Amino acid sequence: MTYALEISALAKTYKGGFQALKGIDLTVEKGDFFALLGPNGAGKSTTIGVITSLVNKTAGQVKVFGYDIDTDLEKAKSFIGLVPQEFNFSQFEPLMHILVNQAGYYGVPKPLAIERAEKYLKQLELWDKRDEPARALSGGMKRRLMIARALMHEPQMLILDEPTAGVDIELRRSMWGFLRELNKQGITIILTTHYLEEAEMLCRNIAIIDGGEIVEDTSMKKLLAQLDVETFVFDIKVAATVAELEQFVEQSQEITYRVIDDHTLEIDLNKSQNLNQVFAQLNVANIEVQSMRNKSNRLEALFVSLINKKSSATKNKSQSATVGAN
Amino acid sequence: MNNSIALKSILTKEIQRFMRIWVQTLVPPAITISLYFVIFGSLIGSRIGEMGGFDYMSFIVPGLIMMSVITNSYSNVASSFFSAKWQRNVEEMLVAPVPNWVIVAGYVGGGMCRGILVGLIVTLVSLLFVDIQLHNIWVIIATVVLTSATFALGGLINAIFAGSFDDISIIPTFILTPLTYLGGVFYSISLLPDFWQGVSQANPIVYMVNAFRYGFLGISDVSLVTAFAVIIFFIVTLFTIAMTLISKGIGLRS
């Protein structure tokens with residue numbers, strides 16, 4: 001089977017000796033919407049840099065739609081559209097020039113490039129700015145310009161490195177819609193983001209990278225199923241006194257409640273419990289609930305626990321190495 | 001992959017860049033050359049008399065045009081490529097399936113276009129001060145094309161290594177300008193003592209200026225064959241260096 005992306009034993013050590021990637025393996029199927037997550041400095045951008053040939057790898061193999069970047073680099077590049085983390089266009093060039101020239105680098109003839117530039121600038125609501133220099137755009141517009149630029153050669157795989165960083169909620173949601181639509185058309189999308197809600201909402205598969213190693217590589221569904229406990233926040237409609245609420249908490253069995261203030265209760269719910277039990281207990285105590293929400297994003301809770309597990313494992317390893325050395 | 005479209009795109013971008021800032025790129029050489037003509041041609045030149053059998057003004061015209069071509073083809077590529085590195089828009093080309101030779105050819109072509117265009121402007125300005133004669137138009141064209149290619153390649157290599165804007169002004173200030181002024185623009189090297197004539201022969205600009213002057217006036221301190229051999233040697237060497245640097249990703253890929 002040919003994958004959109006196949007990475008094996010990929011390692012990168014920078015000049016100063018910093019080992020950014022320690023031999024990672026990763027596959028992304030064609031048509032997937034894939035999240036590559038990790039804390040700052042985990043190796044996400046280095047991985048993307050190697051795939052797009054902006055970073056020279058130290059070891060390992062990368063194949064894009066079956067083409068090895070060592071032997072068929074130009075062919076491999078033609079499948080990829082990149083939306084980098086930082087703005088990397090000339091601030092002085094008008095939008096139309098940026099887009100048409102970019103298409104030209106991929107061999108797209110000028111009349112077709114102009115047609116596509118119009119299509120994407122209109123879709124991304126930048127058409128009115130087409131003759132303005134890029135520096136005149138707002139941050140959100142610059143992000144959209146980079147998406148338009150990445151699409152000019154109609155790539156089969158789109159790699160987005162933090163595409164919604166610093167973008168307001170409304171615009172972020174419209175960008176999600178746009179990306180979903182592209183994915184529906186068959187474009188494989190690889191996304192890195194710090195907004196875990198974004199990854200949870202958009203992506204079907206996920207890999208988490210930390211310290212240059214893949215610590216999780218699974219489907220979003222399976223990953224979320226690992227979550228043992230979810231915390232809900234209940235807003236109480238009629239204010240009870242804190243003492244009354246505490247009395248309720250003490251008397252309650254099976255479910256763990258915490259009193260936050262006279263209007264708020266927090267409830268930890270594990271997989272064997274359900275919300276009906278909670279509402280039954282609250283009904284008996286005459287506590288009326290105004291609204292309810294998840295305390296944290298589900299993926300966020302898992303992400304934090306996976307990263308913590310990794311760092312404590314590293315700590316233990318280094319401690320035992322120190323003991324061994326003694 | 002159609003490399004000619006990619007090449008045309010880089011070339012178009014380069015030409016659009018220097019045309020967009022024409023006040024900074026095309027006007028200053030015209031002003032500088034006018035000053036040279038007023039000072040060295042009219043004021044001082046009239047006291048110098050003849051040089052190589054021609055009045056001083058006619059003698060220095062080819063050298064002054066060549067000086068503008070050299071400076072502009074070099075600085076165009078040096079500043080444009082470094083600015084593309086600095087703003088990171090060089091990545092637009094690096095992520096695309098553009099062969100390295102197309103990147104080199106595109107930037108060098110852009111530098112040559114500016115060098116040759118400035119050369120034309122300076123020639124037109126010269127006509128206000130002196131009657132220009134043509135001895136061999138093909139030698140003029142060949143010299144200006146090859147010289148602009150040489151220095152555009154030099155500017156590219158400079159920009160690849162440059163880490164700051166200072167780094168793209170060091171070579172023009174400390175190497176290019178002295179070599180140009182000592183390259184026989186203002187004097188015939190046959191006037192120098194033997195030792196300094198020998199030293200001058202190590203200066204590649206001497207060959208370019210003399211070949212160019214031959215095209216206008218039919219006189220040269222060096223043989224035409226040697227001059228073209230030297231220029232072609234420099235082009236081949238600099239092209240090989242530029243290709244190697246870009247292929248290895250020096251200053252471009254981490």
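**Helix packing and chain contact in a predicted model**

The crossing of α6(B) and α11(B) is right-handed, that is, the near helix is turned clockwise from the far one by less than a right angle. The structure is a predicted model, in which local features need pLDDT of at least 70 and side-chain atom pairs count only at pLDDT 80 or more, whereas totals for chains, interfaces and linings use all residues. Residues are numbered from 1 along each chain as its sequence is written, and chains are lettered from A in the order in which they are written.

The axes of α6 (residues 100-126) and α11 (residues 224-248) of chain B, as lines fitted to C-alpha atoms over the stretch in contact, come within 9 Å and cross at roughly 125 degrees. By class, the contact has 7 nonpolar, 2 polar and no charged residues.

Between the chains, the contact takes 24 residues from chain B and 24 residues from chain A. On the side of chain B that touches chain A, α1 (3-20) and α5 (91-94) each supply at least two residues, and the largest share, 7 residues, comes from α1(B).

For chain A, the domain assignment gives domain 1 (5-218) and domain 2 (229-294), and 44 Å separate their centres, taken over C-alpha atoms.

Conventions. Contact = placed C-beta atoms within 7 Å. Helix = DSSP H or I, 4+ residues; strand = E, 2+ residues; numbered from the N terminus. Domains from an automatic or database assignment. Axes fitted to C-alpha atoms, helices over the stretch in contact; angles between N-to-C directions. Nonpolar A, V, L, I, M, F, W, Y, C, P; charged D, E, K, R; others polar.
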